[in-house]
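Let us walk through this structure together, one feature at a time.

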Amino acid sequence: MSTALAHPADTRVADAMVPAPYRVTSRVQETADTVTLTLVPLAQPIAPPLAGQFNMLYAFGVGEVPISISAIETGDRLRHTVRAVGAISQALCASEIGAVIGVRGPFGTDWGVASAMGRDVLVVAGGIGLAPLRPVVHELLHSRRQFRRVTLLVGARTPEEILFRGEVASWEASARITVRTTVDTATPAWKGEVGVVPKLIDRVAIDPEFTTVMICGPEIMLRFTAAEVLSRGIAAEQVRVSMERNMQCGIGRCGHCQFGPVLVCTHGPVFPWSRVGPLLTRREL
Amino acid sequence: MKTIADLISEHKFFGDLDQQSLEFVAGCGSNVHFAPEQRILTEGEPANDFYLIRSGSVALSFPVPGRGAVVIDTLGDGDVLGWSWLFPPYRWQFDAEAREDVAAIAFDGVCLRTKCDSDARLGYLLTQRFARVILERLQSVRMRMLDVYGAGAPR
Amino acid sequence: MARTPAHTDHHPVVIDRSGLQELIDALIADGRKVIGPTVRDGAVVYEEIAKVEELPAGWGDEQAPGQYRLQRRSDDALFGYVVGPDSWKRYLFPPVSVTWRVELNGGGVAITPAPEPPRYAFLGVRACELAAIAIQDRVLVHAAYPDRDYAARRENALFIAVNCSTPAATCFCTSMGTGPRVGAGHDLALTELLDGPDPRFLVEVGSEKGAALVERLTANDASPTDREAAAAVWSAAEAGVTKTMPADGIRGLLNRNLEHPRWDAVAARCLACTNCTMVCPTCFCADFREAGGLSPQESEQHRTWASCFAVDHSYIHGGSMRTSGRSRYRQWMTHKLATWHDQFGTSGCVGCGRCIAWCPVGIDITEEAEAIRATDGLTRTTTGATR
């Protein structure tokens, strides 16, 4: 197998402007419409992404979409969990092992997990939002003693749509972090909680001055969850959310991800609530 | 050993009631326990009490012909179970079952209802609190109706 | 607001029209494509030219909200118009360009970036246009990830600016601090002098490249009469700018009036036709989309001009974030005049007036700003009533 990058590339890492070719080495069907791909570089690797950052993944002949990394990998491997919601993501989800995918990145701001050392950490994930947060959980578990209480709250539409279900169960079983899961709609076999994620926060013991919160999920869920944690006395600066917008370049030039004064790809996607909370109450900003 | 009055005065639902009302309400309360899978409320039956869950998980469900008991909500520590005791026709609108061992305080709804008829202030205070519970539960249902996790969901 | 050119050791010279032709010839001999103004389809547009005869001699433009007409002047000035529907972004940031090409070859992939762009010389660049280019430089070059194609075009281009003589009714460069006199960013700046029997140009040098060019032309040192004649042109131009933008504090004004009922009023008129974003010299929004080749083994990514007025501009799965016309007009105007500051440190507007002339329904951005300023703080309540 040969690849040729016809332009001279930086010897260390791939150019962020032109996709670097990567090959799919494993493929896991997580739910009916979500797939996790593991990628290895065919030529120059990109710089190692941090939890919260994203890459522009390129499906040959179809186009590019921004996808957050869903795990921190060793070496030059990348792991991305993609939900098939449009032509490009569908093409990515349909990739077989051996397929070539282009990667540009890493872009955007990260969750800043290290800054929460010595504090309680509350991680709240809604739906596909668990994918960008999984690297955070990995980091928290890896350096468990550096953090105080760690709680993960997971919300999903139905039990079948809980992402990384087996892994979530293993985190719960490990008892190293507190895990609570809830679904919008139960199935007969579901013996867990039913209801919206903010309700789970009610039952979490919170020490407002020493808690950092990280939330990812649909925007409505971000707003209601943030409102709930703020009502418990946590400062807006200590609540971080990951936002999503139409991104076509990932590098602050196409203008599509503008959100009032910020560019989500460059000033985000991870923002402190103090920055974007007031903007999110504006309709159609 | 804590009295019922002690327990409910610490709880956010009753905690800020005036002393006289608190004592009256406590007087209508008693400690109860439910075993796993024990039915607590049955849809259609007279609603004469309500519960303050102290520990354990309760599933609210609706018996749907052909689908069995469809769980529509779950409650746990600190949640209030049941508001139909306060509003005519005083009948339960759903089933409630203990998911595991449940410890709760049961309140005599008939006694409280009667007292509220003559004590408007108590009636107002209780109605106010239950209205807030209903509001929160309604918001939760509305959010689920939005189906925010769905692929083509409005945002 | 009077502006003076950056200090240079080079004294201004004077050339006549044959000197201008010498200039064009020298640029072509240097391997440059000379882009200049010419009349086509009833407008002054920017196209490749080779002869002075192709310039719009004797043409002026009459502009108003929703209106653009060429008018015959009483003299035969070459640069007696101001700005047409084209801006230099047509060449620095082309409407369609290839960002990369991909080829599948026997199990491997070859990805090649776009080829080197041509070297241009731009003739007839106005002060507001230089300001617009400087603004786009901040977006596309002085950024974490510069646009290589734009940067190359920019680096290699030569700018022969022209000082305006006859502003249009839609110009408001003075309010935005961008003109009418050329300040910086040019290699040469010409001022057309029609006070004598032979039309001539005062040529001010703005860079070493410009100085080197002037050496190759038949030119005389500018006399005091020449300089006075040029100064008269500059002050007449400044006095001729009549439209104003209430630019003081406009950023705060728009930021605190996001729920102003004026947005509904302008939305009722706006067709979301995207003309304003197409003609605006600073608008840079672009789509980066796949454009497949004829062969299944090849594909390309194209960068094409996009507009925030398009409904799908803000589309993510589930729908667009800005569906109402109101939200899209508000996005454009607040970005241009307010949030551009947050993102790039300057205003995004240079006061060229193109958006006013080329709006089919004649929406005037200065009028909208003034209307909001006059009723600062007005809101629409959720029931639609204003208070």
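Q: How many residues of chain A are in contact with chain C?
A: Two residues are in contact if their C-beta atoms, placed from the backbone, lie within 7 Å. Here 38 residues of chain A are in contact with 42 residues of chain C. Strand S1 (4-5), strand S5 (63-71) and strand S7 (100-107) of chain A each give two or more residues to the side that touches chain C. Helices (H or I, at least four residues) and strands (E, at least two) are DSSP runs, numbered from the N terminus. By class, this side of chain A has 18 nonpolar, 14 polar and 6 charged residues. Ala, Val, Leu, Ile, Met, Phe, Trp, Tyr, Cys and Pro count as nonpolar, Asp, Glu, Lys and Arg as charged, and the others, Gly among them, as polar.

Q: Where do the coordinates and the numbering come from?
A: This is a predicted model: local features need pLDDT of at least 70, side-chain atom pairs count only at pLDDT 80 or more, and totals for chains, interfaces and linings use all residues. Residues are numbered from 1 along each chain as its sequence is written, while chains are lettered from A and ligands numbered from 1 in the order in which they are written.

Q: What is the mean pLDDT of chain C?
A: pLDDT is the predictor's confidence in each residue, from 0 to 100. Chain C has a mean of 93, and 96% of its residues reach 70 or more. Residues 1-7 of chain C stay under 50; the model has 13 contacts beyond four places in sequence for them. Where pLDDT is low, the predicted coordinates should not be read in detail. For the complex, the predictor gives an ipTM of 0.91 and a pTM of 0.91.

Q: Into which domains is chain C divided?
A: Domain bounds come from an automatic or database domain assignment. In chain C, domain 1 covers 13-240 and domain 2 covers 250-374. Taken over C-alpha atoms, their centres are 25 Å apart. Contacts link 39 residues of domain 1 of chain C with 34 residues of domain 2 of chain C. On the domain 1 side, at least two residues each come from strand S4 (59-64), strand S5 (67-72), strand S6 (96-105), helix H3 (127-140) and helix H5 (173-176) of chain C. That side divides into 24 nonpolar, 10 polar and 5 charged residues.

Q: In which order do the 8 strands of the open sheet in chain C run?
A: Strands of a sheet pair through backbone hydrogen bonds, either parallel or antiparallel. Two strands pair if DSSP finds at least two bridges between them. In chain C the order is S3-S2-S8-S9-S10-S11-S1-S12, and the pairing is mixed. Strand S3 (43-48) and strand S12 (220-221) of chain C stand at the edges with a single partner strand each, so one side of each has no neighbour in the sheet. Strand S2 (residues 33-40) of chain C runs antiparallel to S3(C), joined by 6 bridges. C:Pro37 stands opposite C:Tyr46 in S3(C).

Q: Which strands does helix H7 of chain C touch?
A: Helix H7 (residues 224-240) packs on the sheet against S1, S10 and S11 of chain C, and its direction makes about 90° with that of S10(C). Axes are lines fitted to C-alpha atoms, for helices over the stretch in contact, and angles run from 0 to 180 degrees between N-to-C directions.

Q: At what angle do helices H9 and H11 of chain C pack?
A: Angles under 35 degrees count as roughly parallel, over 145 as roughly antiparallel, 65 to 115 as roughly perpendicular and the rest as oblique. Helix H9 (residues 262-269) and helix H11 (residues 325-344) of chain C pack at about 105°, with axes 8 Å apart. H9(C) and H11(C) are therefore roughly perpendicular. Among the residues in this contact are C:Trp263 of H9(C) and C:Tyr329 of H11(C).

Q: Where is the cis peptide bond of chain C that involves C:Pro180?
A: Most residues other than glycine have a negative phi, and most peptide bonds are trans. A cis bond joins C:Gly179 and C:Pro180, with omega about 0°. C:Pro180 sits in the loop between H5 and S10 of chain C. In chain B, B:Glu37 has a positive phi, near 70°.
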